[in-house]
Amino acid sequence: MVLPGVILVLIFSYGPMVGILMAFQQFIPAKGLFGDQTWVGLDNFRYVLELPNTMRVLWNTLYIATLKIIFGLIVPIIVAILINEVRHMTLKKSIQTTIYLPHFLSWVVLGGILIDILSPSQGIINMILGLVGIEPIFFLGSNTWFPVTLVGSEIWKEFGFGTIIYLAAITGINPELYEAAKMDGANRFKQTLHVTLPGLRMTIVLLGVLSLGNILNAGFDQVFNLYSTQVYESGDIIDTFVYRIGLLEAQYGVATAVGLFKSVVSCILVTVSYYLAYRFANYRIF
């Protein structure tokens, strides 16, 4: 039963790793991957580090990814606790279904929707702002607002799906703890503060630690469908940087070098995150 999955992983995950050779070559596609390519050693890495935009791209990636991780933990916790307080089952299920829906839509679809609703001239958001006397905001064309838009739209898309884990964790909390807290005079807020949140502590720690492995993944699909040259300063991330260098400028060796650097750093962070998950949350893969 495992064999088909292993074969797919070998073909699509381990097979392409042969292409790492390109990071150390002045790669010319016409010569082929194993052709007589010119070896340049670490020159591609030095070239990337000397580019004026490299540090800005790295900062954008870390900044956007960190905000997504932080709010991606906080918002689902709050929403899960609020949903858990809803006693009307039909209303509860309706809310869950509504907030889960965006998770199943691709960024190609959501990108088009966001472009329409955030338009400075005809977007519904700016129309509402205009009614209260606020000047139109160019959410997708302003370096000030673009990172906020990225983080906000990412949370809107994914927070509903994230609440599933926390709702499952809440159902695992012993009901007798709530009864004891109620007998001690604790209201619903204090029960949440002293029973629910401590019961979610290990889940929060686990998911928070494991998310460290994604610190260099700021979301290529989302950024690619929403950004433009106007917001390169604040929205250009490692993945879009590699896309432009590798596919648009045909500097395959340089793009591979950037991708390899990102993969090595991500591998280290994933290893550290799993160790921390085992250390603080007693989480083990095997």
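I am working from a predicted model, and I began with K157, which is buried because its relative accessible area is 6%, below the 20% cut-off. I then looked up its place in the fold and noted that K157 belongs to helix α7. When I set aside neighbours within four places in sequence, I listed P102, H103, L105, W107 and L110 as the residues in contact with K157.

I looked up the largest nonpolar core and found 32 residues in it, with I99, Y166, I170 and L200 having the most contacts inside it. I noted that α3, α4, α7, α8, α9, α12 and α13 each supply at least two residues of this core, and that α3 gives the most, with eight residues. Apart from this core lies another, of 18 residues, including I64, L118, L129 and F146. I also checked Y166, which, leaving out residues up to four places away in sequence, touches L73, P76, I77, A80, L200, T203, I204 and L207.

I recorded a volume of about 620 Å³ for the largest pocket, and of the 21 residues that line it, K68, G72, E154, E158 and S211 are the closest to its centre. I saw that α7 gives the most to this lining, with nine residues, while α3, α7 and α9 each supply at least two. Sorted by class, the lining has twelve nonpolar, six polar and three charged residues.

Key: Residues numbered from 1 in each chain as written. Predicted model: local features only at pLDDT ≥ 70, side-chain atom pairs only at ≥ 80, totals over all residues. Heavy atoms only, no water. Core = buried A, V, L, I, M, F, W, Y, C linked by side-chain atoms within 4.5 Å. Buried < 20%, exposed > 50% of the residue type's maximum accessible area, 1.4 Å probe, protein only. Helix = DSSP H or I, 4+ residues; strand = E, 2+ residues; numbered from the N terminus. Contact = heavy atoms within 4.5 Å. 1 Å grid on protein atoms, 1.4 Å probe; cavity = no way out; pocket = protein on both sides within 12 Å on 5 of 7 lines; lining within 4 Å. Points joined across faces, edges and corners; volume = space filled by probe spheres on them. Nonpolar A, V, L, I, M, F, W, Y, C, P; charged D, E, K, R; others polar.
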